[in-house]
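User: I would like to learn how to read a structural model feature by feature, beginning with the overall fold and ending with individual side chains. Could you take me through one?

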Amino acid sequence: MAQSTETTDWVSRFADEVIEESERRAPGKPVVVASGLSPSGPIHLGNLREVMTPHLVADEIRRRGHQVRHLISWDDYDRFRKVPNGVEGVDGTWAEHIGKPLTSVPAPKGSAHPTWAEHFKAAMVEALAEMGVEFDGISQTEQYTSGVYREQILHAMRHRGDIDAILAQYRTKKDPAKKPQSQKPVDEAELEAAEGSGAAAEDDGSSGSAGYFPYKPFCGQCEKDLTTVTAYDDATTELSYTCTACGFAETVALNEFNRGKLVWKVDWPMRWAYEGVVFEPSGVDHSSPGSSFQVGGQIVGIFGGKQPIGPMYAFVGISGMAKMSSSKGGVPTPADALKIMEPQLLRWLYARRRPNQSFKIAFDQEIQRLYDEWDKLDAKVADGSALPADVAAHSRAVRTAAGELPRTPRPMPYRTLASVADITAGAEDQTLRILSELDPTDPLSSLDAVRPRLDKAEAWINTHVPADQRTIVRDEPDAELLKSLDEQAQGSLRLLLDGLADHWSLDGLTHLVYGVPKVQAGFPADATPKELPPEIKTAQRSFFALLYHLLVGRDTGPRLPTLLLAVGQDRVRGLLGE
């Protein structure tokens with residue numbers, strides 16, 4: 001299919017490569033792209049890049065009419081490594097489960113799910129559905145315990161010497177996870193992202209008196225992986241192990257035994273070969289020399305496969321993170337983001353940046369600027385003035401090959417909706433009154449027209465704006481301040497009050513509040529900044545500060561036109577001393 005100018009972006013370039021590579025490796029078969037997620041705790045926005053990068057590429061391939069499978073491997077047979085901080089319903093007693101498979105660890109108290117893995121997997125599955133991400137999920141617990149990988153395990157054990165020789169090249173090198181002193185330190189969010197991706201384990205097996213083994217059994221008594229293989233017979237597949245946690249020991253036939261797994265650095269390339277993965281990105285934690293992606297590229301050949309193509313992706317930062325960390329104990333999840341932003345905006349943040357470019361997701365005031373930027377792009381795409389790469393990123397945000405994502409029918413500015421939600425404290429009748437007055441020529445008849453954006457803005461106000469920054473309108477006029485005003489200030493209030501009735505709309509009040517200081521200085525209300533002396537800006541700032549003090553008792557607040565509409569004309573008149 002010919003490329004249009006709309007799709008000349010990073011996603012299309014990868015799609016070209018992946019289709020070509022897939023045809024070379026497996027002609028006529030569906031293209032296979034993959035992601036891996038470990039439900040060892042909340043799956044956060046850093047991990048989401050592991051999914052969104054192949055999702056966007058897979059979706060582009062699907063749009064071109066090719067069959068494609070996006071696999072998400074749930075690494076739920078990984079060991080439970082530590083008890084994460086700040087998870088509701090979890091206390092120190094969960095430490096007794098360290099070393100067990102994630103599917104053998106109980107879910108947090110109060111969870112609707114049977115296991116730790118299912119609890120954290122469910123939140124991600126729900127978020128991906130809202131974002132329109134189509135995938136085939138694979139539980140590694142099911143794969144291993146049902147014997148799907150039995151032949152691959154036996155093959156790895158037969159070729160343990162070859163695997164050990166590859167790994168030995170890197171064992172004397174510095175731990176890739178430890179950064180040299182001279183390098184820029186990794187921030188807390190990046191460390192959490194590395195841990196959540198499975199990289200922290202970076203396990204390559206163990207060598208003991210019996211030699212090297214790329215396989216670890218889970219103990220038959222305590223279920224933990226604190227086991228050591230003490231003997232293995234290639235002919236009979238008899239494997240003996242002891243558990244250092246509880247002292248249990250047994251001998252099993254590996255050709256019938258399903259309670260164990262290949263170590264990570266062998267497990268990952270085995271799956272590339274087994275699934276025929278053509279494209280899989282990897283985080284920086286997996287991509288340094290000696291780490292799993294690099295070593296896997298050599299080990300995959302032992303299983304008769306090839307390493308996938310795919311970029312190294314950069315970490316995702318969070319603005320407003322510190323505020324969340326103290327209460328949540330970790331990096332925000334896709335579900336957290338989707339409470340305060342529409343899925344289109346979240347998709348766009350991942351689509352518009354190349355995988356090797358880092359970016360931030362806003363949970364603070366910056367979300368308002370991001371929404372302004374998104375709405376401007378939306379308008380440019382609609383009128384045909386957007387650049388091709390921006391059109392492509394927008395298209396990938398608002399739709400998938402399956403169709404358009406549900407969207408807010410009438411997307412009013414996020415900052416306006418947030419201001420209204422702040423002032424009304426969620427009262428629907430007041431919210432509808434204010435929003436219907438924003439544009440009297442096209443009044444809003446129902447809040448459904450501004451949902452879900454209104455709900456997201458309201459959630460942001462309620463969960464991410466500190467109490468001391470919330471807007472509380474005065475109950476009574478500030479008589480003392482009104483009495484102290486000089487003639488200039490009194491005149492500015494009179495000009496505003498005289499114009500309220502004729503300017504009672506968002507655009508009208510914007511014109512009015514910015515125009516009052518101009519008119520007082522002898523200029524037309526519609527004079528442009530170029531036609532005005534610099535002191536007019538100073539006069540505007542003073543006038544705005546006076547209005548904020550009289551209305552909400554602070555120097556600042558929501559945009560004044562929105563605030564005036566929210567307070568209502570009669571109440572504004574009363575608070576301004578009329």
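User: How many helices and strands are there in the protein?

Analyst: In this predicted model, the protein has 24 helices and 16 strands. Its C-alpha atoms fill a box of roughly 100 × 60 × 50 Å along the principal axes.

User: What share of the contacts in the protein between residues at least 6 apart in sequence join residues at least 24 apart?

Analyst: That share is 70%. As for burial, 51% of the 578 residues count as buried, while the protein exposes about 25700 Å², of which carbon and sulfur atoms supply 50%.

User: How far apart are the mean positions of the positive and negative charges?

Analyst: The protein carries 63 positive and 81 negative charges, and their mean positions are 4 Å apart.

User: How many aromatic pairs does a search of the whole structure find?

Analyst: The search finds 20 aromatic pairs. In one of them, Phe 14 and Phe 279, the ring centres are 5.6 Å apart and the planes meet at 55 degrees, so the pair is tilted. Because Phe 14 belongs to helix H1 whereas Phe 279 sits in the loop between helix H8 (264–275) and strand E11 (282–283), the pair ties together parts that are 265 residues apart in sequence.

User: Are Phe 14 and Phe 279 buried or exposed?

Analyst: Phe 14 is buried, with a relative accessible area of 16%, and Phe 279 is buried as well, at 0%. Elsewhere, Tyr 77, Tyr 144, Tyr 149, Phe 218 and Tyr 274 form one aromatic cluster.

User: Finally, why does Arg 573 count as buried?

Analyst: Arg 573, in helix H24 (residues 569–575), counts as buried because its relative accessibility is 17%, which is under the 20% cut-off. A polar atom of the Arg 573 side chain lies 3.2 Å from the backbone oxygen of Leu 497. Leaving aside neighbours within four places in sequence, Arg 573 is in contact with Leu 497, Leu 500, Ala 501 and Glu 578.

Definitions and conventions: Residues are numbered from 1 along each chain as its sequence is written. This is a predicted model: local features need pLDDT of at least 70, side-chain atom pairs count only at pLDDT 80 or more; totals for chains, interfaces and linings use all residues. Side-chain values use heavy atoms; hydrogens and water are left out. Helices (H or I, at least four residues) and strands (E, at least two) are DSSP runs, numbered from the N terminus. Buried means under 20% relative accessible area, exposed over 50%, partly exposed in between (1.4 Å probe, protein chains only). Contact means heavy atoms within 4.5 Å. Accessible areas come from the Shrake-Rupley method with a 1.4 Å probe; for residues, only the protein chains shown count as cover. Lys and Arg count as positive and Asp and Glu as negative; His and the chain ends are not counted. The place of a charge is taken as NZ of Lys, CZ of Arg, CG of Asp or CD of Glu. A polar contact is a pair of N or O atoms within 3.5 Å; within protein, one must be able to donate a hydrogen and the other to accept it, and residues adjacent in sequence count only if both atoms are side-chain atoms. Rings of Phe, Tyr and Trp (its six-membered ring) pair if their centres lie within 6.5 Å; planes under 30 degrees apart count as stacked, over 60 as edge-to-face and the rest as tilted.
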